[in-house]
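Dear colleague,

Please find below the structure that I am handing over to you. My notes on it follow directly after.

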Amino acid sequence: MDTLLDIKDLQVFYKTELGPLRAVDGVNLNVKRKEILGLAGESACGKTTLVQAVLKLIKPPGYIVGGEVLFNGINLLKASENKLRQIRWKEISYIPQSSMNALNPVMKIANQIIDVIEAHEGKVRKREALHYIEELLVKVGLSREVAKMYPHELSGGMRQRVVIAMALALNPKLIIADEPTTALDVVTQRGIIQMLKDINKDFGTTLLLVTHDMAIHAEITDRIAIMYAGKILEIGLTNKVFSEPLHPYTRLLISSIPRLGSKQRLVGISGFPPDLRDPPPGCRFHPRCPFVMDICRKIEPSLLKFDLERFVACHLYSR
Amino acid sequence: MSTSTNLLELREVTKIFSSGFLISRKRIIAVDEVSFALPGDKPIVFTLAGESGSGKTTIARIVLGFLHPDKGEVLYFGRNIFSFKKSELKNYYREVQAVFQDPYSVYNPIYTVDHVLYTTIKKYNIAQDDYEARELIDKALTSVGLRADEVLGKYPYQLSGGQRQRLLFARCLLLRPKLIVADEPVSMLDASLRAGILNLILDLKDKYGISFLYITHDLSTANYISDYLAIIYRGSIVEMGPIDKILQDPLHPYTKLLIDSIPKPDPNKRWRTKVALPPREFVAEEIIGCKFYDRCPYRMDICYRKKPSIKQIDSRIVYCHLYK
């Protein structure tokens with residue numbers, strides 16, 4: 001599998017009165033064609049900032065400090081606004097967090113999807129477009145009638161499927177979905193997650209799935225990247241990362257998930273994520289790490305290859 | 001369980017909300033004849049679980065006295081809370097405390113977090129003087145795993161979500177409650193902090209004998225802390241009993257679907273079957289029979305026509321026509 005999206009040494013900061021907040025600080029990550037890559041990490045670790053930077057959607061006080069985002073070999077960070085507009089939706093579509101609540105309440109579903117299509121393809125014939133939109137809605141398991149409905153007539157799970165249909169409208173190569181199921185109940189969540197998996201399988205659409213929920217990553221992703229305090233700490237095949245987590249943070253994160261059928265005492269992670277305006281020297285996880293060594297306080301570990309598919313940024317594994 | 005010894009008992013509690021006006025007026029039965037009880041002789045964690053819109057938060061608000069039910073009673077040690085005298089009500093508000101989902105919105109952002117503790121002490125006259133107040137606060141903070149010097153004097157935004165939630169448990173502790181209604185107390189916290197709050201609930205139950213009415217959509221956290229479980233669907237309890245029994249061998253088709261849909265943190269145990277989501281909104285006309293009828297894989301004719309009655313199976317109850 002070759003690389004579709006290649007993020008190199010990306011840095012995104014936010015301007016604050018107390019100096020820059022280093023939300024994404026030197027991230028290297030590649031998304032392979034046709035895979036489902038999961039991006040995991042707790043709130044405020046920089047996941048959303050990272051994916052927004054990929055589409056150059058960072059707004060002040062945020063700013064991109066440096067790095068490259070190569071999509072099919074084109075550096076998106078250097079691309080013109082015009083070129084970017086062509087790439088967004090057509091090549092990469094982005095489903096932001098709570099986007100199901102961002103549908104226009106006074107516009108019928110079909111017209112909202114037509115808007116998206118026309119913004120990129122120019123004027124389309126209404127009747128043909130409507131037929132196409134109904135097909136799209138059927139693809140995400142909705143009935144054709146939904147095209148003529150308003151958002152308030154739909155439940156949360158249905159609106160989320162409308163958003164997915166919209167993301168599919170222009171046949172993108174890559175879909176970036178940020179917490180697509182967070183506010184939904186478990187049964188609907190399962191339906192949406194399974195649908196994303198089907199889209200990946202049936203159309204070969206690459207998926208970058210961002211969520212804090214490790215169990216969802218375990219259910220559908222092929223590979224997973226673990227992010228903490230603006231850095232990627234570990235990347236690997238999902239089943240390997242879960243069966244043998246390497247980084248102490250990954251280990252603790254997995255062991256802090258309550259499981260059905262087990263009452264084993266859960267261990268949380270003591271302490272708190274660092275203030276990213278003044279991150280600790282060395283490894284950013286060292287103040288909370290149970291295996292901390294002297295070197296961890298001084299030298300930042302880089303993300304190194306552990307085996308064929310696994311990368312980890314931890315001094316326990318540097319030789 | 002004799003009723004007089006029950007800590008809390010709901011008897012056929014019903015709450016109806018109306019929306020719209022005149023011709024478009026709609027009645028929504030948010031809570032439909034819900035009955036359950038928490039025993040008075042030993043502390044337990046009782047979980048009320050259901051999806052959003054199932055009525056679980058409405059039940060919490062009724063128990064806390066914020067809402068009056070349209071029908072039915074809420075008994076506290078055998079006495080209806082809605083016929084309490086003023087002094088009894090004050091006592092009830094002291095002994096029954098609440099912790100909510102969002103640990104930020106509870107605080108007034110212009111005061112330091114001490115405010116929420118001192119107002120509680122003043123309102124209920126718990127301490128003789130400032131010295132005693134401080135002593136009580138220190139003790140309560142220690143019990144919830146906080147150090148006074150790391151939280152007192154700080155503003156709410158300076159604390160993490162976990163610290164803010166712990167502090168609210170400390171506030172509850174000051175009042176020595178018998179029952180804490182905890183409505184999704186961990187759903188906004190990260191996994192690493194969640195474990196700490198769940199352990200805290202277990203500690204408070206064991207050390208201080210406090211019972212919990214834990215309201216959640218998340219059966220994995222419920223499994224970790226609860227003794228009893230009631231599953232609620234569209235305002236009605238569908239299954240209730242000891243939690244281990246229900247999770248190991250669910251009886252109601254909705255409970256089965258719910259348990260099977262929880263994502264498992266194990267890539268080797270992925271879902272094997274698919275769920276179909278409804279292609280359009282089910283329009284709830286007057287439902288006569290079972291509310292799960294339209295989604296149930298085992299539906300029969302009788303389910304459409306007749307409301308399932310209560311069935312006792314081993315130590316639990318279920319409302320489903322599959323069981324005779």
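In this predicted model, helix α3 (residues 114-123) of chain B and helix α6 (residues 161-174) of chain B have axes that come within 10 Å and cross at roughly 15°. As angles under 35 degrees count as roughly parallel, α3(B) and α6(B) are therefore roughly parallel to each other. Their crossing is right-handed. On the side of α3(B), the contact is made by B:Val116, B:Leu117, B:Thr120 and B:Ile121, and on the side of α6(B) by B:Ala170, B:Arg171 and B:Leu174. By class, the residues of this contact are five nonpolar, one polar and one charged.

The loop between α3 and α4 (130-143) of chain B holds B:Asn125. Phi of B:Asn125 is near 50°, which is positive although the residue is not glycine. B:Asn125 has 7 other C-beta atoms within 10 Å and is exposed.

Chain B also contains an open sheet of four strands in the order β2-β1-β4-β5, with antiparallel pairing. β2 (26-38) and β5 (79-80) of chain B stand at the edges with a single partner strand each, so one side of each has no neighbour in the sheet. Nine bridges connect strand β1 (residues 8-19) of chain B with β2(B), in the antiparallel sense. B:Ile16 has B:Ile29 of β2(B) as its bridge partner.

B:Thr58 lies in helix α1 (residues 56-63) of chain B. Is B:Thr58 buried or exposed? It has 20 C-beta neighbours inside 10 Å and counts as buried; the cut-off for a buried residue is 20 or more. Apart from neighbours within four places in sequence, B:Thr58 is in contact with B:Lys15, B:Ala30, B:Val31 and B:Leu67. B:Tyr111, by contrast, is 53 residues from B:Thr58 in sequence and 30 Å from it in space, C-alpha to C-alpha.

I turn now to the contact between the chains. Chain A contributes 43 residues to it and chain B contributes 38 residues. On the side of chain B that touches chain A, α7 (191-208), α8 (219-225) and α10 (253-261) of chain B each supply at least two residues. The largest share of that side, eight residues, comes from α7(B). The side of chain B that touches chain A comprises 18 nonpolar, 11 polar and nine charged residues.

Helix α9 (residues 248-255) of chain A has as its buried residues A:Pro248, A:Tyr249, A:Thr250, A:Leu252 and A:Leu253. These residues pack against α7 (214-220), β9 (223-228), β10 (231-237) and α8 (238-243) of chain A, together with α7 of chain B.

Two points of backbone geometry in chain A remain. Most residues other than glycine have a negative phi, and most peptide bonds are trans. A:Pro60 and A:Pro61 are joined by a cis peptide bond, with omega about 10°. A:Pro61 is placed in the loop between α1 (47-54) and β4 (62-71) of chain A. A:Lys34, which is not a glycine, has a positive phi of about 70°. The loop that holds A:Lys34 runs between β2 (21-32) and β3 (36-40) of chain A. With 17 C-beta neighbours inside 10 Å, A:Lys34 counts as partly exposed.

With kind regards

Methods: Residues numbered from 1 in each chain as written. Chains lettered and ligands numbered in written order. Predicted model: local features only at pLDDT ≥ 70, side-chain atom pairs only at ≥ 80, totals over all residues. Contact = placed C-beta atoms within 7 Å. Nonpolar A, V, L, I, M, F, W, Y, C, P; charged D, E, K, R; others polar. Pairing = 2+ DSSP bridges. Buried ≥ 20, exposed ≤ 12 C-beta atoms within 10 Å, placed from the backbone. Axes fitted to C-alpha atoms, helices over the stretch in contact; angles between N-to-C directions. Parallel < 35°, antiparallel > 145°, perpendicular 65-115°, else oblique. Left-handed = near helix turned anticlockwise from the far one by under 90°.
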